[in-house]
Amino acid sequence: MQTLFQNLLNGIAAGSIYALIALGYTMVYGILKLINFAHGDVFMIGSFVGFYCGNALAKSNPDAPPFVNASLTMLLAMIICAALGFLNERIAYRPLRNAPRIASLITAIGVSFLLEYGGQFVFGPDPKFFPTLIEKNIINLGGVVTTNYQLIVLAVAIVFMGILQYIVYGTKFGRAMRAVSFNFETASLMGIPTDRVISTTFIIGSMLAAVAGILYGLSYPKIDPLMGIMPGLKAFVAAVLGGIGNVPGAVVGGLVIGIVEAFVGGSQFSNYRDAIAFVILIVILLFRPSGLFGKYEPEKV
Amino acid sequence: MKKTWMVLTTAVLSLVLFGCPPKPAETVTGTGGTEGEIVIGEYGSLTGAEATFGQSTHNGIMLAMDEINGAGGVNGRKIRVKTEDDQSKAEEAANAVTKLISQDNVIAVLGEVASSNSLAAAPICQSNKVPMITPSSTNERVTQVGDYIFRMCFIDPYQGEAMANYLTRTLKLKNAAILVDVKSDYSTGLAANFERTFLANGGKIVGKQSYAKGDSDFRAQLTTLKGTKPEVIFVPGYYNDIGQIAIQARDLGMTMPLAGGDGWESPKLIEIGGKALEGCFYSNHYHVDDPSPAVKTFVQKYQERFGAQPDSLAALGYDSARVLVDAIRRAGTTDGPKLRDAIAATTNFDGVTGKINLGPDRNPIGKKLVVLQITNGQLALKDVVDPAAGSAAPAGTAATDTSSTGNAPSTASAATN
C-alpha cells in the first residue's frame with residue numbers, strides 16, 4: 001500500500017514536468033498544426049541557463065535567501081527561452097507559413113538537431129550537475145516519503161498551468177489565440193494580428209519549457225545537451241494522449257504518462273519503462289486518434 | 001558564366017587527381033617498419049557519460065609514455081600515442097578503433113574501460129591481428145573475443161565474488177537487493193556473479209530491478225526495492241548513475257548502504273553523490289594510500305603532473321602502457337603476431353596495481369582487489385583480497401579458469417582507514 005502511494009507520488013511529480021512540456025507542444029499544434037520538435041530542446045536550454053545562472057548567483061550573491069536566487073534563475077531561464085522560442089518561430093517557421101506542412105515539420109526536426117548538437121558544442125557533451133538552488137528536505141507523510149523538491153515541482157507546475165488556463169480562457173489575447181486556432185484565415189480577416197498571436201504562443205510555450213527545465217534540473221540534477229530528447233518525446237505522447245491542441249488534455253496526458261511510468265518502473269517490467277509511453281501512443285492512435293479530450297473531426301475531402 | 005564553370009571543374013578535377021598525398025610515406029613513419037616513431041592507438045571515453053574513465057586512463061598512459069620517451073624510447077625508437085575519443089558509446093568505440101588501425105596504422109591498441117565499448121572494438125583488433133590491451137574492462141567475455149585481446153585488471157567473476165564474500169562474511173548481511181543497468185555488459189555480468197556467490201554463501205536476494213544507462217529517474221525501482229527491505233543494495237553501475245541513485249534512495253528514506261564494483265571509481269563519484277554515498281562500499285583495483293613503493297612513486301608523479309590524485313583507471317592505464325612497451329622491447333619488432341606473443345609472455349612485471357602475470361586466457365593471474373568504503377567524503381580501505389598472499393587459493397589457479405568459481409579470493413587482511 002505504501003509502495004502504491006509512493007509510486008503514485010513519484011509519478012505525479014514526474015508527470016507534472018511532462019505536463020509543462022506537453023503544454024508547449026499542444027499550444028503550438030493547436031494554432032499552427034505544427035509539431036514543434038525543437039520544444040524538448042528549448043526545455044534543455046532552460047535547464048542549462050538554470051545551471052549557469054544558478055552557479056553564478058550562488059557565487060556572486062551567496063547571502064541572498066535561496067528563494068530569491070531560485071526565482072531569479074527561473075526568471076532568467078524563462079526570458080532566454082522566450083527569446084529562443086520567438087527567434088525559432090520568426091526565423092525557421094514563419095517563412096514557411098504558406099509552404100506545405102511537411103516543410104515546417106522537417107524544419108522543426110532540423111532546429112531540434114541544431115539545438116542538441118549546437119548544445120554539445122557550446123556546453124560540452126559531458127553531463128553537468130545542476131546546482132542545489134534550495135536546500136532539500138525530506139518529508140515523511142506516514143510512510144510515504146517525499147521531498148520539498150517534489151512538492152515545489154507540483155506547486156510551481158499547478159501555478160503555471162493555472163496562469164495558462166487564465167490566459168487562454170480569460171483574456172482577450174486568449175480569445176484571439178483560440179480564434180486563430182479555430183480558423184487561421186478567418187481570424188486574420190477579422191483583424192486579429194495572427195503573426196503576433198503566433199509569436200506570443202511560442203513565447204509562452206517556451207517559457208513553460210524553461211520552467212520545466214529548471215524543475216527537472218532540481219529533481220534530477222544531471223543535465224546534458226541531449227537530455228531534452230526523451231522528455232520531449234514523452235511530453236509529445238502526453239499531448240497526443242490528452243488530445244493535441246487541448247490544454248487541459250496536455251496536463252492530464254502528462255500526469256497519466258508520469259504515473260504509468262512510475263508503476264511500470266517499479267514492476268518487474270522496469271526494462272520497458274521507456275517503451276510504455278510509445279505503446280500508449282500507438283494504442284491511442286489506433287483507437288482514439290483525437291486523444292482523450294480531443295474532438296473528432298472527420299477530414300473533409 | 002561558362003568560364004566560371006570551367007575553372008570550377010578544373011579545380012575539382014585537379015583536387016581529385018592530385019590532391020591525395022602519397023600514402024606509402026605514411027606507412028614507413030607510421031608503423032611496421034624498423035625506423036621512426038612507433039605509433040600506438042588509444043581509444044577511450046574522453047567525453048560523454050563516463051568521461052572521467054577515459055580521461056584518467058589517458059593521463060595514466062601519457063605519464064607512462066612520456067617517461068619511456070624521456071628515457072630514449074624503446075629499441076631506439078620514440079613512441080607516439082594517437083588518441084581517439086569514443087564519447088562513451090560502443091558504436092563510436094568501434095569507429096575509433098577502425099580508424100586507428102586503417103588510417104593511423106597503429107601497431108597496438110590500448111582501451112577501453114567500459115566493457116561494452118571494449119567488446120565493440122575487440123573483434124576489429126582481432127580480425128586485423130593488432131594486439132589490444134584493455135586496462136580496466138572487467139567483463140570476462142572481452143578477452144574471450146580472441147588471442148589478440150589482453151587485459152590488465154581482474155575479471156567480474158572474481159570481483160562479484162569478492163564483494164559478495166565481504167558482505168556476507170565480514171559484514172554478516174543476509175538480504176541484498178540488486179539494481180542493474182541492463183544496457184551495460186559490465187553491469188549485468190557483475191550482478192550475475194555477485195548473485196551467485198551471495199546465494200552460495202547463504203544470503204538471499206530479496207529484490208531485483210533494472211535501469212538503463214542515462215536514466216535520470218530511479219525512484220520507481222527504488223520504491224519497489226524499499227518494500228523488500230534489503231540490508232544492502234548491490235548496484236554495479238557507472239559512477240554517473242550511482243550518485244543519482246544514492247541521492248534518490250536517500251530521498252525515499254532508504255538508509256541501507258549501496259555496494260558496487262570498480263565502475264564507481266571516479267573523482268566525480270563523491271562530487272555527484274555527496275552525503276548520500278556515506279557508508280557505501282565498492283571493490284577496486286588499488287587504493288591511493290597503499291603503502292607499497294610502486295604506488296607511492298606513481299601517485300607522487302601523477303600528482304606532480306596532473307595536480308590530482310590518480311584513480312585506479314589511471315593506474316591501470318599506466319600499467320597497460322608499460323606492459324605494452326615492455327613487450328615491444330622483448331619482441332624487438334612491432335610486427336603483430338610477434339608482439340602478441342611477447343605480450344602473452346608477460347611474467348612478473350612490476351606494475352602499480354601489483355605483479356602482472358598474464359595467464360593462458362590473456363587475463364592477469366592473481367590480481368589484488370580492495371574494498372573501499374566512503375567515509376566522511378573520503379575513500380577508506382576496508383579490506384584487501386590478495387590471491388598472491390592468500391592461503392585459501394593457490395595464486396596460480398586463481399584466475400586461469402575464467403568461468404570457474406575456483407578463484408576464491410582469500411581475505412588477507414582487514415586494514416582499516
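What you have on screen is a predicted model, where local features need pLDDT of at least 70, side-chain atom pairs count only at pLDDT 80 or more, and totals for chains, interfaces and linings use all residues. Residues are numbered from 1 along each chain as its sequence is written, with chains lettered from A and ligands numbered from 1 in the order in which they are written.

Confidence comes up before anything else. The predictor gives the complex an ipTM of 0.79 and a pTM of 0.79. By contact I mean that the C-beta atoms of two residues, placed from the backbone, lie within 7 Å. Residues 391-417 of chain B are also below 50 in pLDDT, with 64 contacts in the model beyond near neighbours in sequence.

Next, the domains of chain B, whose bounds come from an automatic or database domain assignment. That assignment gives domain 1 (26-153 + 290-352) and domain 2 (156-284 + 369-413). Taken over C-alpha atoms, the centres of the two domains of chain B are 27 Å apart. Their contact takes 15 residues from domain 1 and 18 residues from domain 2. On the domain 1 side, α5 (115-127) and α13 (312-331) of chain B each give two or more residues, and α5(B) gives the most, with three residues.

Now the strands. Two of them pair if DSSP finds at least two bridges between them. Chain B has an open sheet of five strands in the order β2-β1-β3-β4-β5, with parallel pairing. Its edge strands are β2 (79-85) and β5 (149-151) of chain B, each pairing on one side only. Three bridges join β4 (residues 132-134) of chain B to β5(B), and Thr134(B) has Arg151(B) as its bridge partner there.

Further along chain B, strand β13 (residues 369-375) has six of its seven residues buried, so it is largely enclosed by the rest of the structure. Buried means that 20 or more other C-beta atoms lie within 10 Å of a residue's own, exposed means 12 or fewer, and partly exposed is in between; C-beta atoms are placed from the backbone. β13(B) pairs antiparallel with β10 (residues 281-284) of chain B over four bridges, one of them joining Ser283(B) to Val371(B). β13(B) also pairs antiparallel with β14 (residues 378-385) of chain B, over seven bridges. These two strands, β13(B) and β14(B), form a hairpin with two residues between them, and Asn376(B) in the turn has a positive phi of about 50°.

What about the core? A nonpolar core is a set of buried Ala, Val, Leu, Ile, Met, Phe, Trp, Tyr and Cys residues joined through C-beta atoms within 7 Å. The largest has 211 residues, and those with the most contacts inside it are Ala19(A), Cys81(A), Val211(A) and Leu324(B). α1(A) supplies the largest share, 17 residues.

Last, the interface: 20 residues of chain A are in contact with 23 residues of chain B. On the chain A side, α1(A) again gives the largest share, five residues.

Technical notes
pLDDT is the predictor's confidence in each residue, from 0 to 100.
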